[in-house]
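This report is meant for a reader who is meeting the structure for the first time.

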Amino acid sequence: MDYDPDKRERILNAAAQLIISQGLQAPMSVIADAAGVATGSLYNYFRSKDDLILAVYQRVARSLEADIVVAMEPGLSYEQRVERYVENYVDHIWRDPTRAALYEVITNSPTIMQQRMVGLFMEMVTYSIDVLGEGLGEQSQRAMPVSLTASFIRGAIRNTLKRHRAAGGEMTPELRARITRMCLAALVA
């Protein structure tokens, strides 16, 4: 088999679109048609539908890491670190509506066990704990683990932007700043 990276990308793009529009039930033949490849070709790139779904999720995780997991400049205050983290996440979710919709499916999908999902997103989870944990660890009244606090912040951002996008809103610097301030306020409440 000749490996064609373009064909693999077409398959992943088609699968992502169908996961959004039809959920995880889309048959491999429908995915193949949408990608413009023969159904048998799918199996040259992915052993099973579960492997294809996992590859779509892995691609989402890698794009998240590329946009969010960045080295913080030395000397930044806790607030500045959290601001940068939140702003990067807002930008990441807003920039690509398809990716944002995939997060909805991923976070509500029982297909991949929680342990496997955490493994896919482990770099982001670890980074989130590093960024948010410093300030949260000092607050003894904080009842939630840092990883859950990070999930809360990211989920709030995704849901806010999903509704804003559905209402036909635009991303403005003012909206981005408001979301960032709300997240910071939630962390110190």
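## Overall fold

The protein's secondary structure consists of ten helices and zero strands, where helices (H or I, at least four residues) and strands (E, at least two) are DSSP runs numbered from the N terminus. Read along the sequence, the pattern is α-α-α-α-α-α-α-α-α-α. The model is a predicted one, in which local features need pLDDT of at least 70 and side-chain atom pairs count only at pLDDT 80 or more, while totals for chains, interfaces and linings use all residues. Residues are numbered from 1 along each chain as its sequence is written, and side-chain values use heavy atoms, with hydrogens and water left out.

Of the 189 residues in the protein, 41% are buried; here buried means under 20% relative accessible area, exposed means over 50%, and partly exposed lies in between, with a 1.4 Å probe and protein chains only. Among contacts between residues at least 6 apart in sequence, 72% join residues at least 24 apart, a contact being heavy atoms within 4.5 Å.

## The nonpolar core

In soluble globular proteins, nonpolar side chains tend to be buried together. In this model the largest nonpolar core has 58 residues, such a core being a set of buried Ala, Val, Leu, Ile, Met, Phe, Trp, Tyr and Cys residues joined through side-chain atoms within 4.5 Å. Helix 4 supplies the largest share of this core, ten residues. The residues with the most contacts inside the core are Ile11, Ile31, Tyr57, Tyr85, Phe121 and Ile157.

## Helix 4 against helix 6

The axes of helix 4 (residues 49-68) and helix 6 (residues 97-107) come within 11 Å and cross at roughly 120 degrees. Axes are lines fitted to C-alpha atoms, for helices over the stretch in contact, and angles run from 0 to 180 degrees between N-to-C directions. That angle makes helix 4 oblique to helix 6, since angles under 35 degrees count as roughly parallel, over 145 as roughly antiparallel, 65 to 115 as roughly perpendicular and the rest as oblique. The crossing of helix 4 with helix 6 is left-handed; a crossing has this hand if the near helix is turned anticlockwise from the far one by less than a right angle, and is right-handed if clockwise.

On the side of helix 4, the contact is made by Val56, Tyr57, Val60, Ser63, Leu64 and Asp67, and on the side of helix 6 by Arg99, Leu102, Tyr103, Val105 and Ile106. The residues of this contact divide into eight nonpolar, one polar and two charged, with Ala, Val, Leu, Ile, Met, Phe, Trp, Tyr, Cys and Pro counted as nonpolar, Asp, Glu, Lys and Arg as charged, and the others, Gly among them, as polar.

## Helix 9 and its partners

Helix 5 (residues 78-95) and helix 9 (residues 146-166) have axes that come within 10 Å and cross at roughly 40 degrees, and the two helices are therefore oblique to each other. Helix 5 passes helix 9 in a right-handed crossing. Tyr85, Val86, Tyr89, Val90, Ile93, Trp94 and Arg95 of helix 5 make this contact with Ala150, Ile153, Arg154, Ile157, Arg158, Leu161, His164 and Arg165 of helix 9. By class, the contact of helix 5 with helix 9 holds ten nonpolar, one polar and four charged residues.

Helix 6 also packs with helix 9, at an angle of about 130 degrees and with the axes 11 Å apart, in a left-handed crossing. Pro97, Ala100, Tyr103, Glu104 and Thr107 in helix 6 meet Arg158, Asn159, Lys162 and Arg165 in helix 9, and this contact has three nonpolar, two polar and four charged residues.

Val56 is found in helix 4 and is buried, with a relative accessible area of 1%. Not counting residues up to four places away in sequence, Val56 touches Leu12, Ala15, Ala16, Ile19 and Leu102. Val56 and Asn13, 43 residues apart in sequence, are 8.1 Å apart from C-alpha to C-alpha.

Ala32 lies in helix 2 (residues 28-35) and counts as buried at 0% relative accessibility. Leaving aside neighbours within four places in sequence, Ala32 is in contact with Val37, Ala38, Thr39 and Leu42. Thr126, in helix 8 (residues 122-137), is partly exposed, with a relative accessible area of 37%.
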